[in-house]
Amino acid sequence: MTTATHAADTLLWSAGDGKGRAARTAEILLTLARLGFGELVDRAWWLRWLPDLHPPTPEEPPAEPGAVRLRQMFEALGPSFVKIGQLLSSHAGALPQDYRQELARLLDSTLPLPFPVIEGVLAAELGETWRTRFAALDPQPLASASIGQVHAGTLPDGTRVAVKVQRPGAQAIFDRDFDIVRDLVRHTRLHALLHMTRDQLDAIVSEIIGFTQAEFDYCREADAARRLGAMDIPGMRAPHPYDDLCTRRVLVTEFLEGPTLNEVLAHLDDPPWLHDHAVDRDHLARQIMRNQIVQALRYGFFQADPHPANLILMPDGRLGYVDFGIVGELDDQARRDIVDMALFEMLDDFEAVWPILVRYGMPTPQTDVRAFRAEFKELSARYKREGTRSFSGRSLGFYIEEQLMLYHKHHLKVATGWATYLRGVIVYGNTAAMLSEKLNFMRDNLPIFQEIKARQELSDLTLERAWTEGVLRQGYDLQRSLRALAVLLRRAEEGELTLLTDEGPRSEQVGNARLRAAVWTALLLLAAWATVTLRGALLFGSVSWLTVGLPAVAACAWGLAVSLRRLRP
Ligand SMILES: Nc1ncnc2c1ncn2[C@@H]1O[C@H](COP(=O)(O)OP(=O)(O)O)[C@@H](O)[C@H]1O
Ligand SMILES: [Mg+2]
């Protein structure tokens, strides 16, 4: 780093730059004391760092509520703390609502670095001849945040690019502060302020630090851009990275034209603007949800920083994704489980949902599994009772948030990929709900869940598996399918499933009768299929499948006939 860049950098970090660890710890402790959090600090630790001072005890109780003071503390302590505060605010279910709302107000308001500093990093990363690699580079940044700054540029062949450059020295400052934050968690009762145990806060903070440290390697972002770009998702676009211009601290990607979703949200009351930018709010809302589902559940890899500034509405109507600092991954089993869970939720089948729930929330010694189960079941039933089964974006967000609250309350440790996915659903759901009131998560996405499910099943159909698992597996699937169909049938009888049809109220009865006919047809086919394939097998050891299968076929045929009769005008 040159002296010039270092001097400029020093000017631009509002807090903490240039300090050693002890001085920075003292600064952090004094800030805690000033904001009335001195009481939370473990005295022995405090004295170790500040031998000449007495622990601060505010004479009067602080005027501002804890949440506001905590936000002020993060602001006062500079970019690394702002980053932690922002990520904390996304921890739905773990942090109390008032703290989350207050921390969400933290803005990444770092001053832009002067252009010569950016040029210095480009020279250090791409070599002294770096200028020949660009035809132009706009000195005015598009965006400036705590880790990096983005400039628009042009390659010699005329391609427009976005050039993201990391702040020199940022990683060292973050690393030093993260060490101190780990100590803070260990030696203060900040966890009590946030109504959690020290272990819980420690787990959350460690996850945040892990994510943030990974953001310092821009090569990972380039990889992520490539992985997302290779996905075949019609409504989605990821920028192509230029590998020969990407290093740990420089990322050059194709420029995606169009307003960010942030800008779209800021213009919701401005119909001419929306018209000029061809914004179809309902379509956009559905696309936001669908893109996330397909990335995560079909491909198992997804952009996990759901900030609306990271989504760009492109002129061709597709959604462009930028910023792959935080990505999530789901393995094959987790993807199957999420798809199954969504489908079982639609079928009200709590018994089927339960084993999946506990697979991704690991019980700890403090967990009372029975109490957790009872509360979860009650939560699920409450959402169904309140008629939110079909889920607008927001009610889905509330539902998931309450689920995460239960995991937290009962001290279950939620798997990272799973929690990252769910937190994304909450934020994307809220954004989508702002765009459209017509959003109906279940109805809009049922076909996608079914399609993904079908792909998963198909990939299972190897000959070897078919032979080894044979009759048993078929019997199990059949039993599950029959149960699912029985629930569908019951819900159709209760008149609820009209939600899944596009018919108006007038044709509700016809819709229901059609649905019943469809379900009976499916049952008939299933029964017939099972009777043929399992005819040789014995049920309960002695009864032949045929003696059960044939009456089942007859019963389904009769059910179908009755519903068809009801369909007659
Ligand atoms: N490839 C791109 N095309 C168009 N705009 C981009 C591109 N990459 C980044 N931007 C703009 O720059 C902003 C900041 O970039 P981002 O990668 O999100 O940085 P940060 O990690 O600091 O949030 C984005 O919100 C977007 O507006
Ligand atoms: Mg961003």
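Hi everyone, and a word on ground rules. Residues are numbered from 1 along each chain as its sequence is written, and chains are lettered from A and ligands numbered from 1 in the order in which they are written. Since the model is predicted, local features need pLDDT of at least 70 and side-chain atom pairs count only at pLDDT 80 or more, while totals for chains, interfaces and linings use all residues.

Let's take the whole chain. The secondary structure comes to 23 helices and 14 strands. Here helices (H or I, at least four residues) and strands (E, at least two) are DSSP runs, numbered from the N terminus. Of the 569 residues, 35% count as buried. A residue is buried if 20 or more other C-beta atoms lie within 10 Å of its own, exposed if 12 or fewer, and partly exposed in between, with C-beta atoms placed from the backbone. Two residues are in contact if their C-beta atoms, placed from the backbone, lie within 7 Å. Among the contacts with a separation of 6 or more, 69% join residues 24 or more positions apart.

Now for some helices. At what angle do α4 and α5 pack? Helix α4 (residues 66-76) meets helix α5 (residues 79-89) at about 140 degrees, and their axes are 6 Å apart. Axes are lines fitted to C-alpha atoms, for helices over the stretch in contact, and angles run from 0 to 180 degrees between N-to-C directions. That angle makes α4 oblique to α5. For the words: under 35 degrees is roughly parallel, over 145 roughly antiparallel, 65 to 115 roughly perpendicular, and the rest oblique. On the α4 side the contact uses Arg71, Phe74 and Glu75, and on the α5 side Phe81, Val82, Ile84 and Gly85. By class, that gives four nonpolar, one polar and two charged residues. Ala, Val, Leu, Ile, Met, Phe, Trp, Tyr, Cys and Pro count as nonpolar, Asp, Glu, Lys and Arg as charged, and the others, Gly among them, as polar.

Stay with α5 for a moment, because 10 of its 11 residues are buried. Among the buried ones are Pro79, Lys83 and Leu88. What covers them includes α4, α6 (97-103), α8 (170-187) and α10 (198-214).

A second pair is helix α14 (residues 281-299) with helix α19 (residues 416-435), at about 170 degrees and with axes 8 Å apart. These two are therefore roughly antiparallel to each other. From α14 the contact includes Leu284, Ile288 and Gln292, and from α19 it includes Tyr421, Val425 and Tyr428. Its residues divide into 10 nonpolar, three polar and one charged.

Next, ligand 1. Which residues come nearest to the ligand? Of the 19 residues around it, the nearest are Ala143, Ala145, Ala162, Ala309 and Asp323. Near means that the C-beta atom of a residue, placed from the backbone, lies within 6 Å of the molecule or strand. The elements giving two or more residues to this shell are β3 (148-154) and β4 (160-166). The shell divides into 12 nonpolar, five polar and two charged residues. Domain 2 (114-166 + 217-255) and domain 3 (267-459) each supply at least three residues, with domain bounds coming from an automatic or database assignment.

Most residues other than glycine have a negative phi. Asp323, though not a glycine, has a positive phi of about 70 degrees. Asp323 sits in the loop between β9 (319-321) and β10 (327-329). Is Asp323 buried or exposed? Asp323 counts as buried because it has 22 C-beta neighbours inside 10 Å. His411 also has a positive phi, near 60 degrees. His411 lies in the loop between α18 (393-409) and β12 (413-414), and it is partly exposed, with 19 other C-beta atoms within 10 Å.

Val161 is buried, with 23 other C-beta atoms within 10 Å. Leaving out residues up to four places away in sequence, Val161 touches Gly153, Tyr242 and Val252, among others. Val161 and Pro239 are 78 residues apart in sequence, yet 9.2 Å apart in space, C-alpha to C-alpha.
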